[in-house]
Amino acid sequence: QTSNGLGNVFHLLGDNQLALEYFQKTLLIEQSEYGAEHHSVASTLVNMANCYAELDQQSVALKYLKNAEQILDKYDLSPALLSVYSNLTISYIELSQIGDAENYLKKYYDLVRKLYGDFSLDLAKNYNLEGMLLHDEGNTEMAFHAFKRAIDIYEKLGLKESLNMASLLNNVGVANLEYHSYYEAKDYFDEALRIYETILPNDHHEIITTKMNLALVDDGKRNYQRAIEQYDEILNGFSTGKLDTINAATSLQNKAIAEQMLGLTEESILSTTRAIELLSEKLGENNSSVAGLNNNLGNQLIAIGEWGKAKSAFSGALQFYKANSELNGQIRVQLGLAEIATNQGDFMSALNLIDEAIKLKTDPKVSLNQTLLFSALVAQVDIYYQLYRKEKSIDHLKKSLESAIEADKQLALAESEIINEEDRVQFSVYKSLLTSIGVKAAVSLYAETGDQSYISQAYYYSE
């Protein structure tokens, strides 16, 4: 009991490595005293799973939870199964295994109703889990309804100042970020942080996570300098061992984007490179997060004319995307490679890369990111205009303006589908390029043909 109690204390304090040491001792004692199939063993396995989950080792956590479930299935309607089902739901959400998450959420809900009826703390937890799952599935509006039902129960139970409420408020804040409702998101994060700081030590991972969310609010509100300051504060926790590798890499990635938006390209490259190093050490080089960062690094290197280094970064990303048939990822890389080719004067290679990307929009099997499609069309506008400047062919000029018209049709849809800062950065760059080249192409066509309608088009793009 002493060992288990110490494990729970250190887990609450956020020292999960030390907590695991005590839980491991507890497990060995329980298995020796009660046998491997005792419900106390299952409870300790759940505690260990919680520690591994907070250390971002979801697969390990899943293994312990499944072992606990096998033990507790022998006990009819055991309340201890509630903790197993809820944690399995969270683990599967984190692993993006939605079908499994839905299955365990239903098991959790059914057991809560059988044990406690229509009103209980566990029912509030169920609605919180339901909101998390709905949000992860992209059904944010229904997620808000689920979160509201959870809040109502917590308030009626007098738990407005509890850790459960703080966790719930954080989830509502994240859902508001999805809607770009930054002021509402900040209110929820601020309240969650206030509760956490009242109960938990300052370096607890829940406090760090909430501060990361607040930095994302500043990103969304274009308060990039303030966001960078917050990321630096958060990253101090990595040097002291209080911030895990995944969150450190995420903070560096977000910091790099904020630095890029402020024109701090060299600083952005350093932040991205460090994020790649951390994730590669933790997860290996063959994963989507590292591929995405390599793509970002390639674009940052283009900005300072480091074509060779940019190609190398893109190559690493493209290798992963092709191996895993991630077409949107491939298009991101093709856009970068096309920009390099354009800057080096190899316009036909650039066109081939862009044409290959645009052709995918006609494939009904491909769920194409609309921001990427818009970017590809604008890249085509630029390449044809550069070809006109080189060869003085009016056909290239007309194709540039035709592509501008197609890109303009895509603009509103692309903007409506922006869901993260990376897409917003890319969209803003290509939207500005569309305006610039659209005006130049229309004016040049007027000069070439004398057709007054091109002046109207030039005015349209200038606005």
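Predicted model: local features only at pLDDT ≥ 70, side-chain atom pairs only at ≥ 80, totals over all residues.
Visitor: What does the C-alpha trace of the protein chain span along its principal axes?
Guide: The chain holds 463 residues. Along the principal axes, its C-alpha trace spans about 90 × 45 × 40 Å.

Visitor: What percentage of the residues of the protein chain count as buried?
Guide: A residue is buried when its relative accessible area is under 20%. The count runs over the 463 residues of the chain. The buried share is 49%.

Visitor: Among contacts between residues at least 6 apart in sequence, what percentage join residues at least 24 apart?
Guide: Begin with contacts in the protein chain between residues at least 6 apart in sequence. Then pick out those that join residues at least 24 apart. Their share is 58%.

Visitor: Is H11 roughly parallel or roughly antiparallel to H12?
Guide: Helix H11 covers residues 205-220, and helix H12 covers residues 224-239. Their axes lie 8 Å apart, and the packing angle is about 165°. Angles over 145 degrees count as roughly antiparallel. Therefore H11 is, relative to H12, roughly antiparallel.

Visitor: How many nonpolar, polar and charged residues has the contact of H11 with H12?
Guide: From H11 come residues including Ile208, Met212 and Asp219. They meet residues of H12, among them Tyr224, Arg226 and Tyr231. By class, the contact has nine nonpolar, one polar and five charged residues.

Visitor: Is Asp219 buried or exposed?
Guide: Asp219 sits in helix H11. Its relative accessibility is 3%. The cut-off for buried is under 20%. So Asp219 counts as buried.

Visitor: Which side chain does a polar contact of 2.7 Å join to that of Asp219?
Guide: Asp219 belongs to H11. Tyr231, in H12, is one of the residues where the two helices meet. At 2.7 Å, the polar contact joins the side chain of Asp219 to that of Tyr231.

Visitor: Is H20 oblique or roughly parallel to H22?
Guide: The axes of helix H20 (residues 394-416) and helix H22 (residues 453-462) come within 13 Å. They cross at roughly 45°. Under 35 degrees would count as roughly parallel, and 65 to 115 as roughly perpendicular. So H20 is, relative to H22, oblique.

Visitor: Is the crossing of H20 and H22 left-handed or right-handed?
Guide: The contact includes Leu401 and Asp408 of H20, with Tyr454 and Gln457 of H22. Its residues divide into six nonpolar, one polar and one charged. The crossing of H20 and H22 is left-handed.

Conventions: Residues numbered from 1 in each chain as written. Heavy atoms only, no water. Axes fitted to C-alpha atoms, helices over the stretch in contact; angles between N-to-C directions. Helix = DSSP H or I, 4+ residues; strand = E, 2+ residues; numbered from the N terminus. Contact = heavy atoms within 4.5 Å. Nonpolar A, V, L, I, M, F, W, Y, C, P; charged D, E, K, R; others polar. Buried < 20%, exposed > 50% of the residue type's maximum accessible area, 1.4 Å probe, protein only. Polar contact = N/O pair within 3.5 Å; in protein donor to acceptor, adjacent residues only side chain to side chain. Left-handed = near helix turned anticlockwise from the far one by under 90°.
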